[in-house]
Amino acid sequence: MLPQEFIEKIKIVPVVKIDNVTDTIPLMEAMCKGGIPIAEITFRTACAADAIKIAAEAMGDKMLIGAGTVINADQAKLAIANGAKFIVSPGFGKDISDVCNANNIAYVPGCVTPTEIMQAIACGHKIIKFFPASNYGGVSTIKALSAPFGDCVFIPTGGVNVNNINDFLAVKSIIACGGSWMVKDSLVKEGKFDQITALCKEAIEAIGGNV
Ligand code: 3PG
């Protein structure tokens, strides 16, 4: 299944921060158990690239592993070499786009303005991370952007949670929502993987399932 199809099916993209590589496998397993077999492992920690490699190798086809907070071409190259199947940025990076296109890897750039979306389209990308969603007008801005950019689909991230996710998913052009609420940093650091599973299940139940 292509990354886009898989993301459309699951409808939630957890934004993960791993400080300690030994947390990688228990965290991935906790998410799978909770019904969310996707992880955007962010380049916000020194061990991000190692965590991507460990997750990609250990989880295989059971889980879609991508890299997030990718802000330069070197990170994109490293993430792809380590097994990332999609690359997410907080903004749009032409250098990152070039690396992804050369490797035939899905790139999901962060865009909030028409100009940024036009840059993404010009480089062949139509899955847009709308970030930070709540600061840039949330649902109503995405609806407005969907009119001129009918071929694009959106993954709003930033401020999405279990209480407002259905407002976003009700919009036709929104294929999934991203967020960290079910994989909170503190829960990962404290090894509270059962709680992570429970929060994932709660999120999937809230959206009425993902199959
Ligand atoms: C991200 O980078 O995508 C965000 O930090 C996730 O936003 P959230 O923490 O508000 O879910």
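This is a predicted model: local features need pLDDT of at least 70, side-chain atom pairs count only at pLDDT 80 or more; totals for chains, interfaces and linings use all residues.

1. Let me begin at the end of a helix.

2. Now for H5 itself, which spans residues 94-102. Its buried residues are Ile96, Ser97, Val99 and Cys100. These residues sit on the same side of H5, because the arc they cover around the axis is only 160 degrees. As a reminder, an α-helix has 3.6 residues a turn, so residues three or four places apart point the same way.

3. What do the buried residues of H5 pack against? Their partners are helix H4 (73-81), strand S4 and strand S5 (106-108).

4. Strand S4 deserves a look of its own. It covers residues 86-88, and phenylalanine 86 lies in it. Phenylalanine 86 counts as buried because its relative accessibility is 2%, where the cut-off for buried is under 20%. Leaving aside residues up to four places away in sequence, phenylalanine 86 touches Val13, Ile38, Ala39, Glu40, Leu64, Ile65, Gly66, Ala67, Ile105 and Ala106.

5. Helix H2 (residues 24-33) can be read in a similar way. Thr24, Leu27, Met28, Ala30 and Met31 are buried there. They lie on the same side of H2, since they cover an arc of only 160 degrees around the axis. The buried residues of H2 pack against strands S1 (12-16), S2 (38-42) and S3 (64-68), and also against helices H3 (48-59), H9 (185-189) and H10 (193-206). After H2 comes glycine 35, with a positive phi near 90 degrees.

6. On to the ligand. Which residues are around it? They are Val15, Arg44, Lys129, Phe131, Thr157, Gly158, Gly159, Gly179 and Ser180. This shell divides into two nonpolar, five polar and two charged residues.

7. A polar side-chain atom of arginine 44 is 2.2 Å from a ligand oxygen, and a side-chain N or O atom of lysine 129 is 2.7 Å from a ligand oxygen. With glycine 159, a polar backbone atom lies 2.9 Å from an oxygen of the ligand. On its own the ligand has 310 Å² of accessible area, and the protein covers 78% of that.

How values were computed
Residues are numbered from 1 along each chain as its sequence is written. Side-chain values use heavy atoms; hydrogens and water are left out. A residue is near a molecule or strand if one of its heavy atoms lies within 4 Å of it. A polar contact is a pair of N or O atoms within 3.5 Å; within protein, one must be able to donate a hydrogen and the other to accept it, and residues adjacent in sequence count only if both atoms are side-chain atoms. Accessible areas come from the Shrake-Rupley method with a 1.4 Å probe; for residues, only the protein chains shown count as cover. Ala, Val, Leu, Ile, Met, Phe, Trp, Tyr, Cys and Pro count as nonpolar, Asp, Glu, Lys and Arg as charged, and the others, Gly among them, as polar. Buried means under 20% relative accessible area, exposed over 50%, partly exposed in between (1.4 Å probe, protein chains only). Helices (H or I, at least four residues) and strands (E, at least two) are DSSP runs, numbered from the N terminus. The arc is that of the directions from the helix axis to the C-beta atoms. Contact means heavy atoms within 4.5 Å.
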